[in-house]
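I opened this model to look up a few contacts, salt bridges, strand pairings and backbone angles. My entries follow in the order in which I made them.

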Amino acid sequence: MKRRNSIAVLLLLCSLFVQANLYNVRDFGATGDGKTIDSPAINKAIRQAAAEGGGTIYFPAGEYACYSIRLESHITLWLESGAVIIAEFPTATDGYDEAEPNEYNLYQDFGHSHWKNSLIWGIGLEDITICGSGLIYGKGLTCEGSRLPGVGNKAISLKECRNVILKDISMFYCGHFALLATGVDNLSILNVKVDTNRMDLILTVAAMYGSVIALLMRPGTML
């Protein structure tokens, strides 16, 4: 009962950013044990929420080993304190979504030119929020622009999306980019903490009408 009351209070506090319908990833088969690949269960929860008009995908405390998480419109990912989404290392048989074709590969860095080969990605979506006190840990992401199938190199990738909020989350070891946001309209980054393992200017955002408030980064690193 006490835990239920705590969840209710958290929902009230996050009401500005959390969609009304709540989908607990554990109810869809996610284990949070840090070993089982939980992205299929998480994607199942996202698909059901999207089919029902949108909602909040709730991550209770736990370690969720994942490959690609595919966002949909009108979706909030809410990471409770103690919840960690971990980018797992690819194997010979399993890994991240394949990078989509891009006719400009010859003229631009591979990491800038693809979005699907990421831990969390969305293309052509609207009304997306990633929030909460949890952590996104890019353990198995590469810092290189790898073209190998199954390899992931970005934590969050968004292309041609609108009305996006990143709020209160922490990000650690995020691969080639912590965030690749291209052609994103109305992007807000609020109180996000980032500690990457790539010593470079790796925030790439081509956005319209956005805001960045209280973004904390480790010295020498950026999104």
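This is a predicted model: local features need pLDDT of at least 70, side-chain atom pairs count only at pLDDT 80 or more; totals for chains, interfaces and linings use all residues.

Entry 1, contacts of S170. I listed what S170 touches, leaving aside its neighbours within four places in sequence, and found G134, L135, I136 and K193. Contact here means heavy atoms within 4.5 Å. S170 itself lies in strand 13; strands (E, at least two residues) and helices (H or I, at least four) are DSSP runs, numbered from the N terminus. I also looked up its accessibility: at 19%, S170 counts as buried. The cut-offs are under 20% relative accessible area for buried, over 50% for exposed, and partly exposed in between, with a 1.4 Å probe and protein chains only.

Residues are numbered from 1 along each chain as its sequence is written, and side-chain values use heavy atoms, with hydrogens and water left out.

How many salt bridges does the structure hold? I read off four, a salt bridge being a side-chain nitrogen of Lys or Arg within 4 Å of a carboxyl oxygen of Asp or Glu. I wrote down three of these pairs, as below.

K139 and E88 meet through their side chains at 3.6 Å, N to O. K139 sits in the loop between strand 10 (135-137) and strand 11 (154-159), and E88 in the loop between strand 7 (83-87) and strand 8 (120-123), so this pair ties together parts that are 51 residues apart in sequence. I have K139 as partly exposed, with a relative accessible area of 30%, while E88 is buried at 15%.

E126 and R162 form another salt bridge, at 3.1 Å, N to O. This pair too links distant parts of the chain, with E126 in strand 9 (residues 126-132) and R162 in strand 12 (residues 162-167), 36 residues apart. E126 is partly exposed at 27% relative accessibility, and R162 is partly exposed at 39%.

For K167 and D168, I noted a salt bridge of 2.6 Å, N to O. D168 is partly exposed, with a relative accessible area of 22%.

Is strand 4 (residues 62-66) largely enclosed or largely open? Four of its five residues are buried, so strand 4 is largely enclosed by the rest of the structure. I then looked up its pairings, where two strands pair if DSSP finds at least two bridges between them. Strand 2 (residues 33-37) runs parallel to strand 4 and is joined to it by two bridges. Strand 4 also pairs with strand 7 in the parallel sense, over five bridges. I followed A65 through both pairings: A65 is the bridge partner of I37, and in strand 7 its bridge partner is I86.

I noted two residues that have a positive phi although neither is a glycine: Y173, at about 50°, and N186, at about 65°. Where is Y173 found? I placed Y173 in the loop between strand 13 (170-172) and strand 14 (177-190). N186, by contrast, lies in strand 14. Y173 counts as partly exposed at 35% relative accessibility, and N186 counts as partly exposed at 32%.
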